[in-house]
Amino acid sequence: MTIVILGGTAEAHQLAAALVADGVDVVSSLAGRVRSPRLPPGRVRIGGFGGVDGLAEYLLQQRAAALVDATHPFAAMISGNALQAANRTGTPLVRLERPGWGAHPRAKAWSWVPDAAAARVAADSARRPFLTTGRQSLAEFDSWADRDVLVRLVDPPSQPLPQRWTLIRSRGPYSYAGERQILREHAIDALLTKDSGGAHTVAKLDVASDFGIPVVIIARPEHPRLPLLKTVAEAVAWCRAGENLGSWDHQLYEMDCETGG
Ligand code: NAP
């Protein structure tokens with residue numbers, strides 16, 4: 001019985017590790033965006049499928065017993081493809097998505113915007129902004145070549161950065177003390193990020209809030225409506241229960257699944 005996990009997140013990695021430790025055959029699929037990804041235990045495939053048709057064909061080829069969409073909350077395209085491919089092939093599908101930061105005690109004080117362009121407008125008065133909105137959003141900030149932007153990325157940017165910008169290359173998790181040092185050292189006057197959620201990258205928001213630094217946060221894009229699990233433990237339980245019953249169909253809504261939207 002093979003479980004296909006659409007990955008690229010810490011939760012997908014943890015889920016694969018837990019299932020493999022239980023002796024389940026798992027294939028984790030990564031998009032191949034990151035140069036040297038941390039590979040999860042179990043089988044791994046890397047690269048796009050070629051849209052819905054390719055993913056559907058892959059599920060059939062693998063005789064996938066179930067599909068877990070554990071991709072990043074900002075990766076909306078692959079989630080839509082997963083839903084269509086699962087429907088077409090009759091593969092049980094669940095989404096594992098960590099909750100966003102909307103429930104953070106300071107969230108009401110932050111400016112919530114729909115995209116990177118709106119984030120730039122909202123923080124346009126900043127002179128020393130800290131940009132953690134991801135490599136794909138950088139082009140939106142071209143007009144900020146006149147200020148001292150601090151950018152943090154996992155991989156190098158695809159275009160050279162403006163001369164005044166400083167690049168930090170690193171991968172979380174980040175601590176409160178470490179983030180405090182960065183915000184102080186660079187005299188940051190605005191933090192721009194996206195609602196990735198989870199604990200690994202939340203420290204910068206805590207520090208910025210404690211320092212009274214304005215936070216601009218890009219809200220999550222719409223996802224297709226899928227049965228939604230919020231923790232790795234719930235996803236492990238879903239996979240184990242389906243495996244034991246030999247079928248996921250009737251248990252999907254018996255578990256405490258929300259419907260994502
Ligand atoms: P996206 O816009 O939703 O997907 C674009 C295309 O990339 C998909 O149509 C698919 O290509 C391919 N793809 C995406 N995830 C894949 C996966 N797990 N396995 C195989 N192919 C995949 O995704 P994105 O925003 O570019 O993100 C790409 C990956 O990076 C995701 O897996 C996500 O979990 C991870 N990630 C994204 C972010 C973010 O902020 N967007 C942050 C951290 C990690 P085909 O149509 O050819 O199948």
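I began with Arg 63, which sits in the loop between helix H2 (51-61) and strand E4 (64-69). Helices (H or I, at least four residues) and strands (E, at least two) are DSSP runs, numbered from the N terminus. I read phi of Arg 63 as near 50°, a positive value in a residue other than glycine.

I noted the ground rules next. This is a predicted model, where local features need pLDDT of at least 70, side-chain atom pairs count only at pLDDT 80 or more, and totals for chains, interfaces and linings use all residues. Residues are numbered from 1 along each chain as its sequence is written, and side-chain values use heavy atoms, with hydrogens and water left out.

I looked up the peptide bond from Gly 172 to Pro 173 and found it cis, with omega near 5°. Pro 173 belongs to the loop between strand E9 (166-169) and helix H5 (176-185).

I then checked polar contacts (pairs of N or O atoms within 3.5 Å). A polar side-chain atom of Ser 29 lies 2.7 Å from a ligand nitrogen. A backbone N or O atom of Gly 7 is 2.9 Å from a ligand oxygen. For Gly 51, a backbone N or O atom is 3.1 Å from an oxygen of the ligand. The ligand taken alone exposes 810 Å², and the protein buries 79% of that (Shrake-Rupley, 1.4 Å probe).

I searched a 1 Å grid over the protein atoms alone: a cavity is a set of points where a 1.4 Å probe fits but cannot get out, a pocket is an open set with protein on both sides within 12 Å along at least five of seven lines, and lining residues have an atom within 4 Å of a point. Volumes are the space filled by probe spheres set on the points, which are joined across faces, edges and corners.

I found one cavity of 30 Å³ or more. The largest cavity holds about 30 Å³. Its lining includes Thr 9, Glu 11 and Arg 98. By class that lining has three nonpolar, two polar and three charged residues.

The second largest pocket holds about 170 Å³. Among its lining residues are Arg 135, Asp 142, Pro 160 and Trp 165. I counted seven nonpolar, three polar and two charged there.

**Salt bridges.** I used a side-chain nitrogen of Lys or Arg within 4 Å of a carboxyl oxygen of Asp or Glu as the rule. The count comes to 16 salt bridges. Asp 25 and Arg 43 form one of them, 2.8 Å from N to O. Asp 25 lies in strand E2 and Arg 43 in strand E3 (residues 43-46), so this pair ties together parts 18 residues apart in sequence.

Technical notes
Polar contact = N/O pair within 3.5 Å; in protein donor to acceptor, adjacent residues only side chain to side chain. Nonpolar A, V, L, I, M, F, W, Y, C, P; charged D, E, K, R; others polar.
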